[in-house]
Amino acid sequence: MPSSRRMILGHVVTDLSSKMNRTKKLGSDLMETPLNRCLNTFDITLLGVGHMVGAGIYVLTGTVAKEIAGPGIVLSFLLAGMTSLLAALCYAEFGTRIPKAGSAYVYTYISVGEFWAFVIGWNIILEHMIGAASVARAWSGYVDSLVGFAISNATISTVGEMHEQLLGRYPDFLAFAVCLVYSCLLGVGVKGSAIFNSLFTIINLSVMILVICGGFYYAHIENWTAGKGFLPFGFSGVIAGAATCFYAFVGFDSIATSGEEARNPTVSIPVATIVSMSVVTLGYILVSAALTLMVPFSTINPNAALPEAFSSIGLNWAKYVVSIGALCGMTTTLFGSLFSLPRCMYAMASDGLLFSFLGSVNQKTQVPLTNLAVSGISSAVIALVFDLEKLVEFMSIGTLLAYTIVSASVIILRYRPPTPEEAAVLGVGTMATDDSSQSGAELASPQSDIVELATAGRLKPSFHWLSPLIGNCEPGGAVSGAVFVFTCFSTALCIQLQFSSHELKSGVWWTVLLAAFFIVCLAGCLLIIVAHQQNTVGLRFKVPLVPLIPALSIFCNVELMIHLQALTWVRFIVWMALGLLVYFLYGIHHSKESDPMSSYSILMTSSEAGKGKWGSMHSTGPVPILSPSQEKPTSSSKPSKDISTDDKRPIVDEEEVPQ
């Protein structure tokens, strides 16, 4: 190998070693004990399935079918599942880029900055807190129905009723206790609690199969055709149902949250995401179809839809089997929320945005026990006093906002050029990885990667005619601006579709013209994004058809947000006002964003790479071509000359790669 090439490789290896040492020091500063990497793909898949298949299938299905969509709930779950899958693909790509605890919060931090990361993290905290509380409330309601409502009657006779609009009918002490008990179970360690979750998830899936088979066996097609037919509330009911059914799919982000505890995150996270989303979506569609075919939608009991449906056809034994499955399913959903919540708080506290005591990890269990205690108590208090329906409505808005920003962040990072630090480390990772799954051709030909990374975020030659418009923008800057404008016009178009749908159907000229203007602007934004070069080097899992799929995810999430009730937006604004007080009074003064040792660009190229097989993808940059002034001479050679651009040979031969 020529001496100049050996010099460059030596510089890069030295740079990699210094980065890893700096990051190890960073890890010791941020936390005394790291999270334990002990989860395999099967554990993470069942974690995602268990988090999604719970209160949604046993509580939400009955409510949406009877009051919102009728038999059209089948389409509602399909739309909600497809929308969630779009976001899930974006989460999967990020989860392989940065397998860190914190999920959407970390992804937003890296792509669009600290403030928006805090906004997302603050909403994720509320999402999981409300998710745990709502499931605990549903769990309590199911147990209460099994004992003939003895628990609720005894509570009301003892402490009375609460007559506030936003609160539940009575304080639910059983839901309060359930949150605390499950928080204690999670404190034993992540592997033990994962085994517990897997067992209950398998029982739940078995009950789902029984429900589907029994429902279709006793199906009556006239329940879909008689009366008001398949869509008694119209297609608008289907959309409104999808906005509510979206709550059933929010658990998949627990897969990404587990990235720092996965043995091999670059494989486990995308596989677990796709498999769990496919299983859950199919399960929801089949269960809702079986329910609405078995009994007329108008006779469904929203509080215990499936058990009462089987009782109405004379299968009383099935009522108890379904109830067992419901309790198992809601247990795993509650487990998923209480699993994800402390890890998001842990990630934010590690960055100084939340109080520092929330960033500690117990040395024995390797679990953030302080966070877990705060999470469990907060969720228990919410479950004690709030009504289930109000909790579900409030939960969706923060989730949809997080999904929107994650989808936008995928586009932004795909077209962002690498920093010099990231470039140096990825160059080594791409060439020197010991992953046997990577082909020899990939190891031996880094030149194409270098070319791709050198042009990332720049205009493609075929779109050079756009140079007068966006040619003066920094690489990646025009794409970031186009994503922002696309999101704004998507919001405007969705608002128009919501409030001027009748005028659009009637062909009122100004509404048609305005809608056409919005659509043209959206197409223009996509054109600007497509006109730039992407950076996909080292990504083990890539969202297909970027920017179309993330852009479609943004539009669908915004459309579902517009369909939420006005009171939900008011509660969201109040929560955000409280969050901004926390950020500006504490977080902004203790933030570690300006500390170079806590840069997420370092975390993306850290020793985390050594814990899993993701050494070749954790950053986005080429090996830097050093000029003579940048190179330092060594005792064994003279300063090397710059490499000519017509040298086509690889920097290091495949057989010389150190193992």
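**Entry 1, the model.** I am working with a predicted model, in which local features need pLDDT of at least 70 and side-chain atom pairs count only at pLDDT 80 or more, while totals for chains, interfaces and linings use all residues. Residues are numbered from 1 along each chain as its sequence is written, and side-chain values use heavy atoms, with hydrogens and water left out.

I looked up helix 4 (residues 73-97) and helix 11 (residues 234-245), whose axes come within 8 Å and cross at roughly 50 degrees; helices here are DSSP runs of H or I with at least four residues, numbered from the N terminus, and axes are lines fitted to C-alpha atoms over the stretch in contact, with angles from 0 to 180 degrees between N-to-C directions.

I then listed the contact (heavy atoms within 4.5 Å), which includes Ile-73, Phe-77 and Ala-80 of helix 4 and Phe-235, Val-238 and Cys-245 of helix 11.

I turned to the loop between helix 24 (509-530) and helix 25 (548-562), where Pro-547 is found, and noted that the peptide bond from Val-546 to Pro-547 is cis, with omega near 15 degrees. Leu-545 lies in the loop between helix 24 and helix 25 as well, and Leu-545 has a positive phi of about 55 degrees although it is not a glycine. Because its relative accessibility is 59%, Leu-545 counts as exposed, a term for values over 50% (1.4 Å probe, protein chains only).

Methods: Helices (H or I, at least four residues) and strands (E, at least two) are DSSP runs, numbered from the N terminus. Buried means under 20% relative accessible area, exposed over 50%, partly exposed in between (1.4 Å probe, protein chains only).
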